[in-house]
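Please read them beside the model.

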Amino acid sequence: VLQNVFPNPLSAFSFLVFVLCYPPCAAATACIRRETGSFRLTLAAYVGQLLLAWVVSMVMYQVGSLLG
């Protein structure tokens, strides 16, 4: 079944890296909101983590593709 979702181990590894880096659950995000007292800062932290996860997983996939 996973072979239908991930055609090769590199794509599965890239997905794993994304999952390890993406933003936390809603409860943790609510704690960030409460601690900072700012919706804009919370949104910036959430979007920043999402972009970081996407960039890191994309770089891992591209480097892995180049190395073979």
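1. In H2, Ser11, Ser14 and Val17 are buried (under 20% relative accessible area with a 1.4 Å probe, protein chains only; exposed is over 50%, partly exposed in between). They share one side of H2, because they cover an arc of only 115° around the axis. Pro9 and Leu20 are exposed on the other side of H2.

2. This is a predicted model: local features need pLDDT of at least 70 and side-chain atom pairs pLDDT 80 or more, while totals for chains, interfaces and linings use all residues. Residues are numbered from 1 along each chain as its sequence is written, and side-chain values use heavy atoms, without hydrogens or water.

3. H2 spans residues 9-21, 13 residues in total. From first C-alpha to last, H2 reaches 19 Å, close to the 18 Å expected at 1.5 Å a residue. Helices are DSSP runs of H or I, at least four residues, numbered from the N terminus.

4. What do the buried residues of H2 pack against? Their partner is helix H4 (39-67). Among the H2 residues that meet H4 are Leu10, Phe13 and Phe18. On the H4 side, the residues include Trp54, Met60 and Tyr61. Contact means heavy atoms within 4.5 Å.

5. The H2 and H4 axes lie 8 Å apart, at an angle of about 160°. The two helices are therefore roughly antiparallel (angles over 145 degrees). H2 passes H4 in a right-handed crossing.

6. Threonine 29 sits in helix H3 (residues 26-36). Threonine 29 is buried, at 18% relative accessible area. Beyond neighbours within four places in sequence, threonine 29 contacts Pro24, Thr42 and Tyr46.

How values were computed. The expected span of a helix is 1.5 Å times one less than its number of residues. The arc is that of the directions from the helix axis to the C-beta atoms. Axes are lines fitted to C-alpha atoms, for helices over the stretch in contact, and angles run from 0 to 180 degrees between N-to-C directions. Angles under 35 degrees count as roughly parallel, over 145 as roughly antiparallel, 65 to 115 as roughly perpendicular and the rest as oblique. A crossing is left-handed if the near helix is turned anticlockwise from the far one by less than a right angle, and right-handed if clockwise.
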